Each structure stands twice: as C-alpha cells, then as structure tokens.
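We will go from stop to stop, selecting as we go.

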Amino acid sequence: MKKIKRWAVIVLCMAALLSLFGCKKHLVDGPGMVNDQPWKAFTLSHSASYAQYIFWFTVEQGDFAFLLTGECRDENDEYTIDDGVEISAADLRFLRDLRLDELSEEVSSDDDLLVLDAPNVSLVLTYMDGTQQKKAISSDTAIAIYNRFLPYFT
C-alpha cells in the first residue's frame with residue numbers, strides 16, 4: 001500500500017512540474033479538443049480602380065466579442081463605423097476558416113513595380129502577445145471579406 005501511495009505522489013509531482021512548462025500556443029477545452037487562438041485583431045485595406053472596392057476594416061477582440069470598425073462603400077453610398085460593431089459568430093467562424101494566420105508573410109522589395117490600376121491589398125495581423133505580421137492576401141479573399149462585412153455598414 002505504501003508503494004502505491006509513493007508512486008501516486010511521484011506521478012502527481014511530475015505532473016505539477018510538467019504543467020509549469022506547458023505550451024500556451026493553444027487552449028485545450030477537453031480531451032481531443034483544441035481551440036487555437038491565432039490572432040486577436042487584424043486590419044485589412046484594399047484599393048482598386050473601381051471605387052466600390054476601396055475599403056479598410058479592422059476587427060479587434062473586445063471584452064466579450066469581436067468588434068468591426070472601418071470604412072467602405074457600395075455602388076451608391078459611403079459608410080463608416082467608428083464605434084465597434086459586434087460581428088456574428090458565423091462571421092467570426094468565416095474569418096477563422098480563411099486561416100489568415102497561415103498566409104505567407106508579405107515581403108516587400110525596393111524593386112517592386114507600381115502598377116497604377118492594379119489592386120493594392122494590405123493585411124496586418126495582431127497576435128495575442130502584441131506582435132504584428134504583414135501577410136500576403138489575394139484581392140479575391142479581400143473582396144470576399146468585403147462582401148461579408150458590407151451588411152454591417154448598410
């Protein structure tokens with residue numbers, strides 16, 4: 001009986017020591033359930049020769065929800081949200097499914113040519129620790145995000 005207690009104490013001490021050095025990259029909700037927390041905010045801007053597709057959005061994690069601010073236009077009007085508007089869980093899931101954090105980092109060079117009518121897209125992700133990364137995102141993905149967020153503005 002003493003051997004069992006001794007082994008139980010040793011196992012508990014080892015578990016306590018290992019938990020001190022655990023990885024904080026993701027949260028584990030339960031057995032087999034991992035909840036990745038890749039970014040807490042992002043800013044997306046897009047400019048093009050077509051006025052409707054000139055926009056910028058910021059989505060930032062608030063106390064209880066993700067909040068959207070930005071500026072965009074549709075075919076007729078221009079819209080601005082200065083105070084954050086809560087985005088729905090479905091829209092947050094849409095953003096997470098895009099896996100923005102897995103996009104390659106944008107590398108800029110002094111040799112880049114400036115094409116005047118070409119779309120210009122910029123995506124900056126802010127992570128939980130406050131670091132920021134500029135990511136390479138396609139114009140098509142940016143337009144998909146625009147189409148998803150436009151109803152919040154109209």
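Select strand E3 and strand E7 (residues 120-126). They run antiparallel and are joined by seven bridges. Strands pair when DSSP finds at least two bridges between them. Strand labels (E, at least two residues) and helix labels (H or I, at least four residues) are DSSP runs, numbered from the N terminus. Now pick Ser45: its bridge partner in E7 is Ser122.

This is a predicted model, where local features need pLDDT of at least 70 and side-chain atom pairs count only at pLDDT 80 or more, while totals for chains, interfaces and linings use all residues. Residues are numbered from 1 along each chain as its sequence is written, and side-chain values use heavy atoms, with hydrogens and water left out.

Select Leu44 and look across to E4: the bridge partner is Phe57.

Which residues have the most contacts inside the largest nonpolar core? Select Trp39, Phe42, Leu44, Phe57, Val59, Leu95 and Phe149. The core has 27 residues. Such a core is a set of buried Ala, Val, Leu, Ile, Met, Phe, Trp, Tyr and Cys residues joined through side-chain atoms within 4.5 Å. Buried means under 20% relative accessible area, exposed over 50%, and partly exposed in between (1.4 Å probe, protein chains only). Elements that each supply at least two core residues include strand E5 (66-73), strand E6 (78-86), helix H2 (89-97) and helix H3 (139-153). H3 gives the largest share, seven residues.

Stay on Trp39. Beyond residues up to four places away in sequence, Trp39 touches, among others, Val59, Phe66, Leu92, Leu95 and Met128. Contact means heavy atoms within 4.5 Å.

Move to Lys135, in strand E8 (residues 132-135). Lys135 is buried but has no salt bridge. A salt bridge needs a side-chain nitrogen of Lys or Arg within 4 Å of a carboxyl oxygen of Asp or Glu. The nearest side chain of opposite charge, Glu105, is 5.6 Å away. (Lys and Arg count as positive, Asp and Glu as negative; His and chain ends are not counted.) Past its neighbours within four places in sequence, Lys135 has contacts including Leu100, Asp101, Glu105 and Tyr127.

Last stop: Pro119, in the loop between H2 and E7. Pro119 counts as partly exposed because its relative accessibility is 46%. Ser138 lies 19 residues from Pro119 in sequence, and 9.5 Å in space, C-alpha to C-alpha.
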